[in-house]
Amino acid sequence: MEAGPGIQQAESLPRAWTPAATLRIATSRLLAAPAPPPAVQGVLAFAVYLAVFIIGFARPLISHLGVPDIGQYWTDPNFYTWALRWWPYAVSHGINPLQTSQIGAPGGYNLAWATTTPSVSLLMWPVTAAFGVVVSFNVMLLLVPPASALAAFIAARRLTGRFWPALLAGGVYGFCPFEMVHSWQGEPNLTVIGLLPLLVYLVLLWWDGSLGRTGFVIWMAVVMALEFYTFSEAFAEMTAAGAVTLVIGLAVAGRPGWRKVARLGRLTAVAYAGALLLASPYLLYAVRHYPAALNRQQPDYSLHLARLVIPVPDKLFGIAALAGYSSRIGRASLDDYVGLPLLILLAFAVRAWSNRLTRLLVITFAAVIALAAGPSLIVGGKPLFPLPWGGLWSLPAARSAEPSRLIVFCYLILALGLALWLAAPAASGWARAARWGLELFAVAAMLAGLPTSAYQAVNPVPPGATASAATRPADPLPAFITDGLYRHYLRPGETVVVVTNRGNGGMLFQADAGFYFRIAGGFINASLSPPDALPVPVALLTHGTRARYQGFLNYLRMTGVGAVIVEQDWAAPWMTVFGRLGLHGTAVGGVIVYPTGASQPGSPLAPADGRLVFPVTTSTGPAVRP
């Protein structure tokens, strides 16, 4: 009986059937199948990464695209949401985007040393304009990890010429603990890491002759400038890691490749100069406005070497001894953990040490780890002794940097090394299957330290908060903001204080309102602004004394704050406080508005003789006007 189309003839199978023979046939057919064009492979890879990210981690986020959901008890997410609106607003209004009076009123804030991610904000401008800043921020969070994975896939695909090894390598980089932790914390300055693999891709294109000198210099300059405009600290770390890699490349290239590596170094230097030229408007302004408060190197900012292979205590399967040690080796951070992939890379290096590319990867990995250790070697959470290169972290551009963030370069090296090992010829089908199984197990071990709760991933519990905070439903913005009710209670450009338990909620409200009002306070940087985003005289009211109440009223008089807005979900204690001060609120659209009158000409709050018209009492009742 003849076989129909697509039916394999039984005679083509080995006479003596064995699992090994079947595996060999299946593997050979898979490898012999014609590969789709590179562009199609890229689309397929991105689709896989996006699906994995949404199904595995981001389902709660995608179901609340119009709701501010990520880390609403932290200050960072709402700062970056604000930045998505700020850069388009500043550019479209022709104002200096590095200095704003919209926050920190009346004096304003200098943003040159705040991580406002202008490249991301301007790229998302169409989405922000069409759907609002909250949707734009959530869409950005959904796209960044898959996009980072795609960038690593492109580099690994160019390096190996193989789809499946590159696909796994992209997943290792795009979904590494560093990327996932900071995605869940809503920090695009740390999660937009896709530009680094693109630099590797450009080097590979030039190395094999597919990209000429001029094109290489231009594209490298553009990508490096984009890195600067994404996160200046990452640009500085890219500079250090790139210089180290070139030096190691010269050392391992040998006589045949030395001249080519030297040419690569010269062209890269020209591209770097071009990147600095493109970044010069921002860079020169930042240098002229360098704040001394940024000098904040701390041991916790450095990489704790033991954390590379020891996860946080609650991810050690109840092994008490290891959990106890893990709790003593420094910050309980997930983003430094590498785990078994490090051991896999070392095994690969021992197997293929004669390969120059392998030597480059392994030595560069070790050198970057040494840089990430920071100014001093940290063991058990305590600095033991200064490192010879520790002075690098005293340079002005690095004083506020966190050395441990160099771990992202290590993840890229691990991903490329993994792809090379999987793409290398195997002695048999079983050997290839074992290699894949080992690598998949190593990747699983790396990801094992991540939170297991999908909702915990998008709503982590901040320090000091109760565990129930992680399960609290997403809080929509109050109708006072979303329905434009603020236009009936505030004048355009009026300065207000926003009180809410949302981290940095005032900046979120202001961004969604399109900068209709200014706010006093706001968080931009742990060194440059109050950590709770409230002006100090307002924050002190939580433990009020007569002197603090009077200080608050003086603050209103001096700054012209026209109203205090309290989100109703957290209004109870503040109603008592403002009642004592004689302020009368109006509940509307999910907030209570307490007008002060301080911004009105001739306000009784600021009479000519400077007297305060609201006497402060220590009773629970409201004060009485004299």
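**Close-up 1. The buried residues of helix α20 in the predicted model.** In this predicted model, the buried residues of helix α20 are G505, G506, M507, L508, F509, Q510 and A511. Because seven of the eight residues in this helix, which spans residues 505-512, are buried, α20 is largely enclosed by the rest of the structure. The cover over these buried residues includes the helices α3 (76-93), α6 (133-160) and α19 (479-482), together with the strands β5, β6 (518-519) and β7. Just after the helix, the chain passes through G514, which takes a positive phi of about 70 degrees.

**Close-up 2. Helix α23 and the elements packed against its buried residues.** Helix α23 runs over residues 572-580, and within this helix W574, V577, F578, G579 and R580 are buried. The packing partners of these buried residues are the strands β5 (495-499), β7 (563-567) and β9 (591-595) and the helices α21 (536-539) and α22 (546-559). Just beyond the end of α23 comes G582, a residue with a positive phi of about 80 degrees.

**Close-up 3. The salt bridge between E567 and R502.** The side chains of E567 and R502 meet in a salt bridge, with a distance of 3.0 Å from N to O. This pair links distant parts of the chain, since E567 belongs to strand β7 whereas R502 sits in the loop between β5 and α20, 65 residues apart. Both E567 and R502 are buried.

Close-up 4. Because E233 lies in helix α12 while R405 lies in the loop between β4 (382-386) and α16 (407-423), the pair ties together parts that are 172 residues apart in sequence. Both E233 and R405 are buried. A search of the whole structure finds four salt bridges. The side chains of E567 and R502 meet in one of these salt bridges, and, elsewhere, salt bridges with shared partners join E233, E402 and R405 into one network.

**Close-up 5. The salt bridge between D208 and R158.** D208 and R158 form a salt bridge in which the closest N and O atoms are 2.7 Å apart. The two residues, 50 residues apart, connect distant parts of the chain, with D208 in the loop between α10 and α11 (213-230) and R158 in helix α6. D208 is partly exposed, having a relative accessible area of 43%, and R158 is also partly exposed, with a relative accessible area of 34%.

Close-up 6. Leaving aside residues up to four places away in sequence, L196 touches Y173, E227, M238, V408, F409 and L412. Between L196 and E227 there are 8.2 Å in space, C-alpha to C-alpha, although the two residues are 31 residues apart in sequence.

**Close-up 7. A patch of positive charge on the surface.** Four arginines, R255, R259, R263 and R266, gather in a patch of positive charge on the surface. Among them, R255 lies in helix α12, which extends over residues 232-288. R255 counts as exposed because its relative accessibility is 81%, over the 50% limit that the word requires.

Notes:
Residues are numbered from 1 along each chain as its sequence is written. Side-chain values use heavy atoms; hydrogens and water are left out. Buried means under 20% relative accessible area, exposed over 50%, partly exposed in between (1.4 Å probe, protein chains only). Helices (H or I, at least four residues) and strands (E, at least two) are DSSP runs, numbered from the N terminus. Contact means heavy atoms within 4.5 Å. Patches are made of residues with over 30% relative accessible area and no salt bridge: like charges are joined within 9 Å, nonpolar side chains (Val, Leu, Ile, Met, Phe, Trp, Tyr) within 5 Å. Accessible areas come from the Shrake-Rupley method with a 1.4 Å probe; for residues, only the protein chains shown count as cover. Lys and Arg count as positive and Asp and Glu as negative; His and the chain ends are not counted. The place of a charge is taken as NZ of Lys, CZ of Arg, CG of Asp or CD of Glu.
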